[in-house]
Amino acid sequence: MRPIRPVSRTGRSLMAVTATAAAMTVTAMGLAASSAAAAPTTTTAQTPGPGDTCTAGDLGTRHPYIKSTEVSPTITHFKGWYVTEGTTGTQTVTTSTQTTISVSVGLTGNVEGGFAVETLGKVGASLGLNVKVDYTSTSTESNSVTWNFNQPGYYGAYKGTKKVTGTYGSLNCNRVQQGNGTWALKWIEGPDGGNFTTYTTLEEGAVRCQDKVPAGSIMAKAQNLLDCGSAAAKAERPAGAVAPTAKQKQDRLAQHPALTSGTSAEQPKATGRSARAALDCQAGAYKIAVPGKPLSWGAPLLEADGVRLRPSTIFSAHLDNWRLCNVTERNGVLEASLWNWGNGRCATIAAQNAATERAVLMTAPCTEDDLQRFYIYRDVPGSSKIGVQNKYTGSMMGHDRYADGEFIRQYSSGRQDGTGTYTLIGV
């Protein structure tokens with residue numbers, strides 16, 4: 001595997017600050033309720049790298065970076081074919097599937113949302129290859145090879161590609177304490193990452209045992225599969241298909257992976273039917289609000305409804321109040337469950353929608369479940385601006401438009417217009 005770049009710098013300490021909200025003073029775990037921002041709420045214009053500067057508007061976004069890649073020539077379709085003196089010329093050979101490659105990023109074979117597409121785009125750019133950047137599979141390609149056989153002999157008719165695999169990380173905007181004690185917003189390596197698989201355009205051809213081919217090429221891979229020392233290669237026989245050799249059958253079994261379904265992402269074992277988790281919640285409660293505006297996250301009363309932007313009034317019945325529970329911190333990034341004071345349930349992405357772009361944020365009975373855990377990325381001390389990311393899906397929370405009743409949803413790359421940045425206001 002080829003390494004790309006080391007991980008970025010992150011903050012090492014947490015500073016407690018005092019916030020003012022609703023004419024009362026609260027201490028908020030280093031999350032201040034001041035309306036001042038460290039930087040204008042605009043997003044970066046180009047793809048960032050670890051350690052680059054970000055702004056408060058980037059708190060609700062993320063970008064991929066490639067950590068390692070591996071490229072391997074792979075034969076996807078193959079057929080041994082015998083050509084006699086009188087049967088040379090153009091022929092169409094129906095091959096058999098040898099190896100299936102499905103494009104996948106992270107949890108599922110479905111390449112859905114901006115983050116997965118951006119990841120694969122970065123893979124192609126880093127290698128100088130034209131790779132597939134949407135969900136597809138080599139099994140969907142036609143398996144017929146048309147070739148001009150101008151000499152007699154034992155051929156391998158093939159289709160092949162360059163299989164590209166590797167690992168990626170996530171860059172998130174978060175506050176970092178500098179060497180002189182001041183704070184700044186930087187792109188840091190987020191807690192989430194994963195594996196990817198893709199491939200280049202298929203090529204087809206035919207190769208004989210006696211042909212001289214470049215080492216490490218797709219053609220060389222096909223020639224090796226031809227098994228030139230076998231009895232089938234040396235036999236005098238009629239023109240046409242040659243039955244697979246024992247080596248070909250063995251290689252086919254070894255190289256044929258199970259197809260990746262677009263909906264087969266492994267889900268966490270814990271569900272809403274599990275026993276309620278015993279939560280250790282902070283004493284303070286918060287509104288998760290749109291910066292400088294009255295609408296904030298409001299939990300639903302009905303189980304089938306989702307979290308929406310709602311105005312906070314005396315009739316809100318604490319549905320707009322959230323507590324941070326079972327809080328931990330790693331490299332300056334908080335992780336917490338979001339417990340709603342009004343309905344007594346925890347914020348979550350439904351398990352069946354975990355891999356779905358724009359899935360609605362719901363509430364459910366609190367359990368030990370990564371779908372109910374969220375990372376909180378913070379602005380510098382003196383600002384209450386945050387970004388919120390689901391631990392299991394890796395997606396950022398945001399909304400399509402500012403409107404009463406608008407759902408809070410997950411977006412794989414976040415909302416690049418800054419509508420995934422919120423304020424955490426103590427109440």
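A nonpolar core is a set of buried Ala, Val, Leu, Ile, Met, Phe, Trp, Tyr and Cys residues joined through side-chain atoms within 4.5 Å, where buried means under 20% relative accessible area, exposed means over 50% and partly exposed lies in between, with a 1.4 Å probe and protein chains only. The model is predicted, with local features needing pLDDT of at least 70, side-chain atom pairs counting only at pLDDT 80 or more, and totals for chains, interfaces and linings using all residues. Residues are numbered from 1 along each chain as its sequence is written, and side-chain values use heavy atoms, with hydrogens and water left out.

**View 1. The largest nonpolar core of the chain has 29 residues.** Those with the most contacts inside this core are Trp297, Trp322, Leu338, Leu361, Met397 and Ile408. Among the elements that give two or more residues to the core are β14 (295-298), β16 (322-330) and β24 (421-426), while β17 gives the most, with three residues; strands are DSSP runs of E with at least two residues, helices are runs of H or I with at least four, and both are numbered from the N terminus. In soluble globular proteins, nonpolar side chains tend to be buried together.

**View 2. Ring pairs link Trp297, Trp322 and Tyr422 into a cluster.** Rings of Phe, Tyr and Trp (its six-membered ring) pair if their centres lie within 6.5 Å, and planes under 30 degrees apart count as stacked, over 60 as edge-to-face and the rest as tilted. The search of the whole structure finds four aromatic pairs. In one of them, the ring centres of Trp297 and Trp322 are 6.3 Å apart and the planes stand at 90 degrees, so this pair is edge-to-face. Trp297 and Tyr422 also form an edge-to-face pair, at 5.4 Å centre to centre with 80 degrees between the planes; because Trp297 lies in strand β14 and Tyr422 in strand β24, this pair ties together parts that are 125 residues apart in sequence.

**View 3. Gln410 is found in strand β23 (residues 409-411).** Gln410 has 1% relative accessibility and therefore counts as buried. Leaving aside neighbours within four places in sequence, the residues in contact with Gln410 include Ile349, Arg358, Thr393 and Met397, contact meaning heavy atoms within 4.5 Å.

**View 4. Arg62 lies over the face of Phe115, at 3.6 Å from the ring centre.** A charge sits over a ring if NZ of Lys or CZ of Arg is within 6 Å of the ring centre and within 35 degrees of the ring normal. Arg175 lies over the face of Trp183, at 4.8 Å from the ring centre.
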